[in-house]
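Visitor: I am new to reading protein models. Could you walk me through this one?

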Amino acid sequence: MNVNRSRLFDIANAALIGFISLLCLVPMLLVLMVSFTSEASIQQNGYQLLPSEFSLDAYKLLLGTSPLYRSYLVSLFVTIVGTLIAVLITGMAGYTLAAKHIRYRNGLAMFFFITMVFNTGLVPWYLINLELGLRNNIWALIVPSLIFNPFNLFLVRNYMSQIPGSLIEAAKIDGANDIFIAFRIYFPLCMPVLATITLFYGIGYWNNWFNAIMLVDNQNLYPLQYLLFKLNSEINMIQQMQSSGVLVSDAVLPQESVKMATAILTIGPVIFFYPFLQRYFIKGLLIGSLKE
Amino acid sequence: MKNKKGSMLREMKQNGYAYLLVIPAAVYTLIFGYFTLPYMLIAFQRFNFKTGIFNSPWIGLDNFEFFFSSPRAWEVTFNTLKLNVLFIVVGTIAAMALAILFNELRSKLFSRLTQSTILFPHFLSWVIVSYILYSLLSTDYGIVNQMLAKLNLNPVNWYASPQYWTSILVITAVWKDIGMNLVIYLAAITGIDDTYYEAGRIDGATRWQLIRHITIPLMMPTIMILSLLALGKIMYGSFDMIYAIIKDNGLLYPTVDVIDTYVFRSLRTIGNPAQAMAVGLYQSVVGFILVWGSNRIVRKINPDHALF
């Protein structure tokens, strides 16, 4: 009897969890399916999980237009360059904060920690960026708020602190300086945590549209996420994309499916890298939370 | 004093390269962290971009008066606190319940597979989430209205009905972040010493009793720390989320417009940085008091759970 009840619970539990995980997937699937639905069908039947009429018009239109390519390039450039610099800055600082022979490392840690606790908010941040000329150029998408994050710094520091200090001493005896030790000894040993912050920064850059909405008006510099944001709020954006690209056979502009197709193309890389993302994301969360 | 200076010089000489490594991060933090502080003063100025922070006229508390005399001050403050409290409470309970259910799963493969799907929304930007939401709630084409029609109910014009949006935003926020919290809570549960459970089983405890008397109490520290961290941002209303979904849809302001979106509009749409800063300063100060106060209360109840 008891065994039966326990078995029943297991089945119900698995069913419930299966259902919840579907809830996380199906809405995304809906967006995907709508992107493949013909405009006529949408207007007649609304969005459908199983479209009554398939169509590739949205993708044909999008792939024939330059705004999307340009935004893709902007996003790729910003993500790759930004992430590389961010990981470098964070890794280097992490070494100094973790190395036990550095006398002021705790003072430095405090210097970074304070900015985590007290936030001055949006306006000073905005004015500083204007002061530095970070407006309407590609660096306005890279430098502000994303290129260095103290949370990631402490993640790296905590990981590096576990490496025995005798390693540094031995290397010093062999005549190596701190820069050499950081790059040739510590970084290779810290690949897991560096991969984790690469992921944090990378996702941060790819998904960021805040820098764009605050600091960029020039349409040529719109990252993908911001293009997508604009697409939904400004109908004429789609017409603009149409006029600069090829004409679709259908007389009706596939407005609805174009929006959804852009969304799908925007998350493309996220899906592609997902197994990697997931693995290092979980690792990073655990390093971070276990330290508490 | 001189001696100290001398030893500082020696330290620099000895470990100069190490300090060189920290310079980029330090300079960045100095500029984007510390140098932003003086700009808070413009809250008391009639700030003008041409004259800058040094030559703009001082006007006392006029900027604050402008904000607090409008009915929107209370509205955005209330909405910010309401939404954040609901995000924290509902999010924590949902994630903890889910973590407990996951811990009871027998099949490792099934557990890993479902965790992957539940974590997935976390990697989507809020702009993408706004599209997903739109595909569900769009008045003309949305799935939800189609379902309502099948049930012979009237369609709802969701984007013009503020009364639903508190719940919609809470569900959306929980949906997006439950995967991340699940990972953390599940790790906390797995970290619990197995001997507790063995002892419980020997005493004849049921599954539910084990959860109730071992798992939940032992997870309390993790829950406290995470909630306190979240409390630190309680005056900050996840601009990314609200602005991506709501944009400038004034119809929905009464229930979901928050301080962050209000500040954003004062700054970028209306173009008055001084008034925006006044609201921002109010936000920082109240936020700081709330964190400090709640930390004190937690420390009184159980010092181990306090953050500082």
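Visitor: Which residues does Leu182(B) touch, not counting residues up to four places away in sequence?

Guide: Leu182(B) touches Ala95(B), Leu98(B), Ala99(B), Phe102(B), Gln115(B) and Ile118(B). Two residues are in contact if their C-beta atoms, placed from the backbone, lie within 7 Å. Before we go on: this is a predicted model, where local features need pLDDT of at least 70 and side-chain atom pairs count only at pLDDT 80 or more, while totals for chains, interfaces and linings use all residues. Residues are numbered from 1 along each chain as its sequence is written, and chains are lettered from A and ligands numbered from 1 in the order in which they are written.

Visitor: What makes a nonpolar core, and which residues touch the most other members of the largest one?

Guide: A nonpolar core is a set of buried Ala, Val, Leu, Ile, Met, Phe, Trp, Tyr and Cys residues joined through C-beta atoms within 7 Å. The largest has 151 residues, and Val31(A), Ala99(B), Leu182(B) and Tyr185(B) touch the most other members. Its largest share, 12 residues, comes from helix H8 (residues 165-190) of chain B. Helices here are DSSP runs (H or I, at least four residues), numbered from the N terminus.

Visitor: Why is helix H13 (residues 259-269) of chain B called largely enclosed?

Guide: Because 8 of its 11 residues are buried, H13(B) is largely enclosed by the rest of the structure. A residue is buried if 20 or more other C-beta atoms lie within 10 Å of its own, exposed if 12 or fewer, and partly exposed in between. Among the buried residues of H13(B) are Ile259(B), Tyr262(B) and Phe264(B). The buried residues of H13(B) pack against helices including H6 (122-131) of chain A and H4 (72-103) of chain B.

Visitor: What makes the crossing of H13(A) and H6(B) left-handed or right-handed?

Guide: A crossing is left-handed if the near helix is turned anticlockwise from the far one by less than a right angle, and right-handed if clockwise. The crossing of H13(A) and H6(B) is left-handed. These two helices pack at about 35°, with axes 9 Å apart; axes are lines fitted to C-alpha atoms over the stretch in contact, and angles run from 0 to 180 degrees between N-to-C directions.

Visitor: How many residues does each chain bring to the contact?

Guide: Chain B gives 67 residues and chain A gives 72. Helix H1 (residues 2-34) of chain B gives the most to the side of chain B that touches chain A, with 15 residues.
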